[in-house]
Structure formats: structure tokens, C-alpha cells
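Dear colleague,

I am passing on the structure that follows, together with some notes on what was found in it. Please look at the sequence and the model before reading on.

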Amino acid sequence: MDGIEGAYAAAAAGGAQVRGIGKRKKKPSDAEIESYRQPKLPKTLSEKDSEKRLIVVLEGASLESVNVGKSYQLLSASDHMNIIKKNGREGINLRPDITHQCLLMLLDSPLNKAGLLQVYIHTAKNVLIEVNPQTRIPRVYNRFASLMVQLLKELSIGAKDKGMKLLKVIKNPVTQYLPTGCRKIAMSYASDKLVRAAEHFPKIALDQPLTVVIGAIAHGHIDSPWCDEEVSISGYAMSAAGVCARVTNACEDMWGVH
């Protein structure tokens with residue numbers, strides 16, 4: 001099994017093409033163009049440290065490639081169980097589709113389009129990835145997986161006609177990229193502290209940046225000792241994408257994003 005890890009979110013911002021990807025087959029609709037207006041992003045260090053925005057860290061993401069025959073594929077429990085068992089590994093959390101679902105949810109949100117969201121991915125193999133808010137994620141999982149594998153050796157992906165990095169591998173730890181003094185919260189169903197996100201967030205970050213750590217895993221507990229607190233936002237177990245939706249909705253209500 002190849003130990004290379006990686007992640008890839010492709011498609012260019014505002015209709016731009018990604019290097020190495022074929023030409024667009026059809027012109028995007030007006031609705032699609034409107035849906036992906038470029039978000040307004042904080043530019044200066046002062047803006048990044050003080051202006052209100054949500055930083056989401058997708059923790060424990062399963063993004064790893066495997067050599068199958070003459071090609072590389074994104075390792076997943078649904079496609080490579082024989083290889084996983086052969087190498088004595090557990091397949092329960094080898095679920096890259098969870099990261100795909102979370103990214104679609106987060107980057108499609110009004111919060112992101114308003115320029116109030118930044119996403120980082122920290123993989124189970126300790127690879128840290130920064131996602132540009134203008135990145136468009138492929139809707140179809142197989143294409144998402146293929147494009148991520150294509151990125152593994154490059155460590156970054158750029159928009160062909162924009163000259164910007166849409167996704168790049170950066171140095172650990174993620175804490176060095178977080179706003180100074182911002183509140184950091186880990187989401188956990190097992191937490192004894194059950195809160196309503198829409199009520200709890202305004203108490204700690206009404207007009208300030210907020211960092212939320214969400215496990216991109218199917219089962220288990222994420223390890224984020226650098227967080228200030230660990231909370232549960234539902235009395236029921238939720239999917240990672242469901243947690244992303246509830247967190248972004250709470251911030252949209254708090255900051256008046258419609």
C-alpha cells in the first residue's frame with residue numbers, strides 16, 4: 001500500500017478551470033454563476049485577527065491514496081476492503097466521502113459566499129490542507145476522488161486562468177493560522193455539555209472570529225487538546241455534514257447572513 005496522502009478539491013472559482021482538467025463541456029447557467037460569486041475575503045493580518053468569521057477544521061479526514069494495479073485510487077472502505085484487510089487495517093473510518101460531503105455543505109453555504117468562512121482539513125495521516133473559499137467542489141464523488149489522487153504529487157492546485165491556489169498542503173500545526181485569541185470549540189456527541197449553537201455562539205463570538213473543529217469521521221472521538229471547550233449541539237448522533245450545516249446556519253443567523 002502506498003503511504004502517500006493527499007486531498008483535492010477541484011474546479012475553478014467563478015467558472016475558472018483547474019490546471020490539467022479538460023475543457024468545460026457546456027456553458028454554466030446563470031444560476032450556477034450566481035451561486036458561485038467570489039466571496040469577499042479578509043486581506044490584512046488585522047482583518048484576519050479581528051473581523052468576525054468562522055474557521056472550520058475538518059479533523060481526522062481520510063484522504064489517502066493506494067496503488068491498485070497500474071493506477072492510484074483514493075483509499076476507501078467501500079472500494080478497497082480486500083487491500084485494507086490484507087494490510088491489517090480497520091476500514092470503519094476510511095471514508096473519504098465524508099470529507100466530500102462536508103466540503104460541499106460548507107463551501108455552498110451563504111456564510112462562505114459572504115466571505116465569512118475558512119476551511120482547513122487535517123487528515124488522519126497528519127496532512128494539513130488549506131481550502132480557498134473560492135474553490136468549487138465536484139458534485140460527483142468519483143470525480144472528486146480522481147482529482148484528489150491527481151493532486152497527490154503536486155501538493156497544491158491552482159485555477160488555470162486566475163493565478164491563485166485553490167487548495168494547498170501547508171505546514172502543521174493548524175493553530176498557527178488561527179486568529180489570535182479566537183475561541184476554539186470541538187464538536188463531540190459524547191460531550192456532557194449540550195448546547196444550542198444558535199444560543200451558545202453569540203455568547204462567545206458575537207463580533208469575533210470563531211474556530212470550530214468537526215470530526216470528518218464515521219465513528220470515534222477526535223483529539224483536539226488545543227481547543228478551549230468540547231460541546232455537543234444535539235442530543236442525537238449527527239453526520240459530519242449535518243454538524244457542518246448546523247454550525248454554519250447558527251453563524252449565519254448570528255451575523256445576519258441570508
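Glutamate 252 is found in helix H8. Please bear in mind throughout that this is a predicted model.

**The chain as a whole**

The secondary structure of the chain comes to 8 helices and 10 strands. Of the 258 residues in the chain, 51% are buried.

**The nonpolar cores**

The largest nonpolar core has 53 residues, and those with the most contacts inside it are Leu54, Leu58, Met187, Phe201, Ile214 and Val247. Helix H8, which spans residues 240-254, gives the largest share of this core, namely 7 residues. Leucine 58 touches Cys102, Leu103, Leu106, Val119, Tyr120, Ile121, His122, Ile214, Ala216 and Cys244, if residues up to four places away in sequence are not counted. There is also a second, separate core of 13 residues, which includes Ile55, Leu178, Cys182 and Ile217.

**The buried side of helix H7**

In helix H7, which covers residues 197-205, the buried residues are Ala197, His200, Phe201 and Ala205. They cover an arc of only 100 degrees around the axis, and they therefore lie on the same side of H7. What covers the buried residues of H7 includes strand S8, strand S9 (210-215), strand S10 (229-231) and helix H8.

**Aromatic pairs**

How many aromatic pairs are there? The count comes to 2 aromatic pairs. In one of them, the ring centres of tyrosine 120 and tyrosine 177 are 6.0 Å apart and the ring planes stand at 25 degrees, so the pair is stacked. This pair links distant parts of the chain, since tyrosine 120 is in strand S4 (residues 117-123) while tyrosine 177 is in the loop between strand S7 (165-170) and strand S8 (183-187), 57 residues apart. Tyrosine 120 counts as buried, at 5% relative accessibility, whereas tyrosine 177 is partly exposed, with a relative accessible area of 27%.

Tyrosine 141 and phenylalanine 144 also pair, with ring centres 6.2 Å apart and planes at 45 degrees, so this pair is tilted. Tyrosine 141 and phenylalanine 144 are 3 residues apart in helix H6 (residues 141-151), which means that about one helical turn separates them. Here too the two residues can be described by their accessibility: tyrosine 141 counts as partly exposed at 21%, and phenylalanine 144 counts as buried at 1%.

**Salt bridges**

A search of the whole structure finds 5 salt bridges, and three of them are set out here.

- Arginine 95 forms a salt bridge with aspartate 97, and their closest N and O atoms are 2.8 Å apart. Arginine 95 counts as partly exposed, at 29% relative accessibility.
- Aspartate 108 forms a salt bridge with arginine 139, with the closest N and O atoms 2.6 Å apart. This pair links distant parts of the chain: aspartate 108 is in the loop between helix H4 (96-107) and helix H5 (110-113), and arginine 139 is in the loop between strand S5 (128-131) and helix H6, 31 residues apart. Aspartate 108 counts as partly exposed at 25% relative accessibility, as does arginine 139 at 47%.
- Glutamate 229 forms a salt bridge with arginine 183, the closest N and O atoms being 3.7 Å apart. This pair too links distant parts of the chain, with glutamate 229 in strand S10 and arginine 183 in strand S8, 46 residues apart. Glutamate 229 is buried, with a relative accessible area of 11%, while arginine 183 counts as partly exposed at 32% relative accessibility. Salt bridges that share partners join Arg183, Lys193 and Glu229 into one network.

With best wishes

Note on methods: Residues numbered from 1 in each chain as written. Predicted model: local features only at pLDDT ≥ 70, side-chain atom pairs only at ≥ 80, totals over all residues. Heavy atoms only, no water. Phe/Tyr/Trp six-rings, centres within 6.5 Å; stacked < 30°, edge-to-face > 60°. Helix = DSSP H or I, 4+ residues; strand = E, 2+ residues; numbered from the N terminus. Buried < 20%, exposed > 50% of the residue type's maximum accessible area, 1.4 Å probe, protein only. Core = buried A, V, L, I, M, F, W, Y, C linked by side-chain atoms within 4.5 Å. Contact = heavy atoms within 4.5 Å. Arc of directions from axis to C-beta. Salt bridge = Lys/Arg side-chain N within 4 Å of Asp/Glu carboxyl O.
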